[in-house]
Amino acid sequence: MAALVSEYTLEFFTLLNARGKKELIEWCMKEGLIASSYECPNCNEQMRLNERKSVVLDGFEWRCRKKGVNAHDVCRSLRKNSWFSNSKLSMYDVLRVTKMWFGRCMNDYVVNELKLNINTVIDWFMFCREVCMNAVVNESVKIGGVNVIVEIDESKFGKMKYGKGKPVDGKWVFGGIERGTNRCFFRVVERRTKEELLCVIKEWVLPGSTIVSDCWKAYKCLSDEGFKHLEVNHSVCFKDPDTGAHTNSIEGTWSAIKRFLRNHTSHAEGMFDHYLAEYLWRRSRDHSLSDETFRDFFKSCYYTLPSTWEGSTIRK
């Protein structure tokens, strides 16, 4: 089957499910999505994978049953401390809904295709974005360096009344991009003060970097803080004719982020950070939809679970 259909595709999951629950479970074990063994908390021996029809979702569970001295009968869910923990969906449906989030499917499409409740789909998509948030934090490194150009800028994000006019009650996001790479940082800031922006710059931009910005007064201090600073006056030109300074990369990124967020406004209330993290995670992987990138997403799941779930993750 694997030779005919690439793994980590919806078609592969469907064929795998048709082969029976045990084969689906074994594949999840092979990929590290669930534990391939479990130690009994009573006797510290390896538990046995036991078929049990009363376990409706999975059909199997971990079990250790001993008679005589230290008699016990302990059962544990296959899902404990995994991406499937505490979910009422089958493993098959969890794999499919996760794949559809990865493939940028819209909520309504997933509801109709998988016959799931809209709130279930929204929750699972948000769980996926929590993984992105943790991955972005874990992968974050300082950008720039000597002879490296970093473009910085700030932008306002928020709702618009009737889709027109200026954003209201929005958030200021401050960001920086290392020119010529996918390395970047974006942080929500309460105020655009010199102190707050400088604090973020020092946290994320290496000393000696060449920072390019607009003429916002808060940036005037950068030359005194160990950075080479170039400005471009956007009221006059988009590229300084003398220094060649421009912020085209980060300006283009603001446009891309806002286009991305525009598709999620109906369910994004109070979840701005989650959507921003998803964009950054996808950007860091060149927005690839390849099987390898999807597998990379599941690797990130090994190290994080949605905040409403208990336990630590399974590590491959």
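Of the 316 residues of the protein chain in this predicted model, 46% count as buried. The secondary structure of the chain comes to nine helices and eight strands. Among the contacts between residues at least 6 apart in sequence, 55% join residues that are at least 24 apart.

**Helix packing**

Two packed helices are described by the angle between their axes and the distance between the axes.

| Helix pair | Axes come within | Crossing angle | Handedness of crossing |
|---|---|---|---|
| H3 and H4 | 11 Å | roughly 150° | right-handed |
| H4 and H5 | 9 Å | roughly 120° | right-handed |
| H7 and H8 | 10 Å | roughly 120° | right-handed |

The axes of H3 and H4 cross at roughly 150°, and because an angle over 145 degrees counts as roughly antiparallel, these two helices are roughly antiparallel to each other. In this pair, Arg96, Val97 and Met100 of H3 meet Tyr109, Val110, Glu113 and Leu114 of H4. The residues of the contact of H3 with H4 divide by class into five nonpolar, no polar and two charged.

Helix H4, which covers residues 107–114, also packs with helix H5, which covers residues 118–139, and their axes cross at roughly 120°. That angle makes H4 oblique to H5. On the side of H4 the contact is made by Asn107, Asp108, Val110 and Val111, and on the side of H5 by Ile118, Val121, Ile122 and Phe125. Six of the residues in the contact of H4 with H5 are nonpolar, one is polar and one is charged. Val110 of H4 takes part in the contact with H5, and Val110 is also among the residues of H4 that meet H3.

Helix H7, made of residues 248–262, crosses H8 at roughly 120°, and the two helices are therefore oblique to each other. From H7 the contact involves Thr253, Ala256, Ile257, Phe260 and Leu261, while H8 brings Phe272, Tyr275, Leu276, Glu278, Tyr279, Arg282 and Arg283. By class, the contact of H7 with H8 has eight nonpolar residues, one polar residue and three charged residues.

**An aromatic pair**

A pair of aromatic rings is described by the distance of the centres and the angle of the planes. The count for this model comes to 22 aromatic pairs. One of them joins Trp83 and Phe297, whose ring centres are 6.2 Å apart and whose planes stand at 85°, so the pair is edge-to-face. Trp83 lies in the loop between strand E3 (72–76) and helix H3 (91–102), whereas Phe297 lies in helix H9 (residues 291–301), so the pair ties together parts that are 214 residues apart in sequence. Both Trp83 and Phe297 are buried.

**Two residues with positive phi**

Asn147 has a positive phi of about 65°, although this residue is not a glycine. Asn147 is found in the loop between H5 and strand E4 (149–159), and with a relative accessible area of 72% Asn147 is exposed.

His287 is another residue other than glycine with a positive phi, here near 55°. The loop between helix H8 (272–284) and H9 holds His287, which counts as partly exposed at 33% relative accessibility.

Definitions and conventions. Residues are numbered from 1 along each chain as its sequence is written. This is a predicted model: local features need pLDDT of at least 70, side-chain atom pairs count only at pLDDT 80 or more; totals for chains, interfaces and linings use all residues. Side-chain values use heavy atoms; hydrogens and water are left out. Axes are lines fitted to C-alpha atoms, for helices over the stretch in contact, and angles run from 0 to 180 degrees between N-to-C directions. Helices (H or I, at least four residues) and strands (E, at least two) are DSSP runs, numbered from the N terminus. Angles under 35 degrees count as roughly parallel, over 145 as roughly antiparallel, 65 to 115 as roughly perpendicular and the rest as oblique. A crossing is left-handed if the near helix is turned anticlockwise from the far one by less than a right angle, and right-handed if clockwise. Contact means heavy atoms within 4.5 Å. Ala, Val, Leu, Ile, Met, Phe, Trp, Tyr, Cys and Pro count as nonpolar, Asp, Glu, Lys and Arg as charged, and the others, Gly among them, as polar. Rings of Phe, Tyr and Trp (its six-membered ring) pair if their centres lie within 6.5 Å; planes under 30 degrees apart count as stacked, over 60 as edge-to-face and the rest as tilted. Buried means under 20% relative accessible area, exposed over 50%, partly exposed in between (1.4 Å probe, protein chains only).
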